[in-house]
Amino acid sequence: MTTTALVTGANKGIGYEIAAGLGRLGWAVGVGARDDTRREEAVARLRAEGVDAFGVPLDVTDDASVAAAAALLEERGGLDVLVNNAGVTGGGEQTPSRVDMDAVRTAVEVNVWGVIRLTNAVLPMLRRSPSPRIVNVSSGVGSLTRQAADDGSTGPLSAAYSPSKTYLNAVTLQYAKELADTPILVNMMCPGFVATDLNGHRGTRTPAEGARSAIRLATLPDGGPTGTYSDDDGPVPW
């Protein structure tokens, strides 16, 4: 029986590498992305690598798009693993006293509400899977411990992006608690400072390196940990 995964924001960067890594395991991988051209180009590249990839038109901020994506997956036989990777910084001014409210709204809409919207839409399928997993791609900047340390590790002041990841972490814990008596393992990870479009390619890690922890969590054995927050070096402080 083939394991099927959906990776959001999988047309490039970390998401693409997560999809590639899971595909190399022999899994069928849905490439979730808004842009039709980029999505299908990514699917073609993955197929050229021997991955059983298929496109999933998906805008996590749109109810109808998410419902259509869930229906497509249902038609294909269901879903075993969800990797919520799609994310945005929100853009705009993010110094708290001058924050652009559109930046806050955009960051939360994609990074948190989008995760909730999609997770709830596919949860019935995950409940039917023999080894279901949910992996949320967070960030170390969402760690309140690291933010409070004020040692520069969480970057510049951010009233949109960093808090949205803190919010995502809290929501992820709530899912882990709700689903604790099920086989569904729910975990979050930090990919590290990866060179992607999100940071203007200023990162010091490659997308493939950033994908490693997500692949590890997506392939946890049955009965593995749930409700964790980690990176390649181990647990990330809350």
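**Pockets, a cavity and a serine**

Visitor: Sorting the lining of the second largest pocket by class, how many residues are nonpolar, polar and charged?

Guide: Keep in mind that we're looking at a predicted model. The residues lining this pocket include Q147, D150, D151, L157 and S162. Split by class, the lining comes out as two nonpolar, seven polar and two charged.

Visitor: How much space lies in that second largest pocket?

Guide: Picture the stretch that lines it: G152, S153, T154, G155, P156 and S158 are among the lining residues. The space lying in the second largest pocket is about 160 Å³.

Visitor: Which helix gives the most to the lining of the largest cavity?

Guide: Searching the whole structure turns up one cavity of 30 Å³ or more, and about 40 Å³ of space lies in the largest cavity. Its lining is made up of T8, V60, N84, N85, A86, V110, G114, V115 and L118. By class, that's five nonpolar, four polar and no charged. With four residues, the top contributor is helix α4 (residues 101–128).

Visitor: Is S138 buried or exposed?

Guide: S138 sits in the loop between β5 (133–137) and α5 (144–149). Leaving aside neighbours within four places in sequence, the contacts of S138 include K165, M188, C190 and Y229. Its relative accessibility is 2%, and the cut-off is under 20%, so S138 counts as buried.

Technical notes
Residues are numbered from 1 along each chain as its sequence is written. This is a predicted model: local features need pLDDT of at least 70, side-chain atom pairs count only at pLDDT 80 or more; totals for chains, interfaces and linings use all residues. Side-chain values use heavy atoms; hydrogens and water are left out. On a 1 Å grid over the protein atoms alone, a cavity is a set of points where a 1.4 Å probe fits but cannot get out, and a pocket is an open set with protein on both sides within 12 Å along at least five of seven lines; lining residues have an atom within 4 Å of a point. Grid points are joined across faces, edges and corners, and a volume is the space filled by probe spheres set on the points. Ala, Val, Leu, Ile, Met, Phe, Trp, Tyr, Cys and Pro count as nonpolar, Asp, Glu, Lys and Arg as charged, and the others, Gly among them, as polar. Helices (H or I, at least four residues) and strands (E, at least two) are DSSP runs, numbered from the N terminus. Buried means under 20% relative accessible area, exposed over 50%, partly exposed in between (1.4 Å probe, protein chains only). Contact means heavy atoms within 4.5 Å.
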